[in-house]
Amino acid sequence: MLGHELSHVFASLLCGGVPKKIRVSKKGGSVTLSKSNFFISLAPYMFPVYTVLIVFGYYITNIFYPMGNYQNYFAGLVGLSTAFHIRLTVFAISQDQPDLKTTGKFFSLVLIIFVNFVLLAALLKLLFPSAILLKSHYLYIWEIAIKIYMRLYYWLSIAANSVADRMAHYTLN
């Protein structure tokens, strides 16, 4: 719950907003901000707080103390925290969160998935600089996005043509 609300606060600060009040309990949480937009509303679903803290902790520590021997442990922590983020995101979406309603569920879900892929790749690049090739990863994501939108366009055009055919049939009769 704390990570969720802190994501709203962090996003608000990035957008020039000011956090006014934060409330976190076992039953839920809320934050009052001086401004809001879709980025601020969707931040908890796009920004894996604990994963970011782990990667930056590793990165900063590695500057002062070589962490090569512990890289696998950090990779495990990144995996666990990412799984935790994904699980909480799926749970929150299934609970019909008001954060998703303001921008529309379809747009929100597409943006959440896209930003998670991009951000996770960037975090893994920090953790494994020589093993992760961001250009090929981002090109792959772009190709998948194009295929998804082409498929959606195809299905929607079939549906639209079907509706148009039925309407023409009824107007002729």
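Student: Which element gives the most to the lining of the largest pocket?

Tutor: A pocket is an open set of points on a 1 Å grid where a 1.4 Å probe fits, with protein on both sides within 12 Å along at least five of seven lines, and lining residues have an atom within 4 Å of a point. Here α4 gives the most, with seven residues. Helices are DSSP runs (H or I, at least four residues) and strands likewise (E, at least two), numbered from the N terminus. This is a predicted model: local features need pLDDT of at least 70, and side-chain atom pairs count only at pLDDT 80 or more, while totals for chains, interfaces and linings use all residues. Residues are numbered from 1 along each chain as its sequence is written, and side-chain values use heavy atoms, with hydrogens and water left out.

Student: What is the volume of the largest pocket?

Tutor: A volume is the space filled by probe spheres set on the points, which are joined across faces, edges and corners. For the largest pocket this is about 550 Å³. Of the 28 residues that line the largest pocket, Met1, His4, Glu5, Pro44 and Ala92 are the closest to its centre.

Student: Which residues of α4 are buried?

Tutor: Buried means under 20% relative accessible area, exposed over 50%, and partly exposed in between (1.4 Å probe, protein chains only). An α-helix has 3.6 residues a turn, so residues three or four places apart point the same way. In α4 the buried residues are Phe74, Val78, Ser81, Thr82, His85, Thr89, Ala92 and Ile93.

Student: How many aromatic pairs are there?

Tutor: Rings of Phe, Tyr and Trp (its six-membered ring) pair if their centres lie within 6.5 Å; planes under 30 degrees apart count as stacked, over 60 as edge-to-face and the rest as tilted. The count is five aromatic pairs. Phe10 and Phe47 are stacked, because their ring centres are 5.3 Å apart and their planes at 25°. Phe10 lies in helix α1 (residues 2–14) and Phe47 in the loop between α2 (38–46) and α3 (49–64), so the pair ties together parts that are 37 residues apart in sequence. Phe10, at 40% relative accessibility, counts as partly exposed, and so does Phe47, at 22%.
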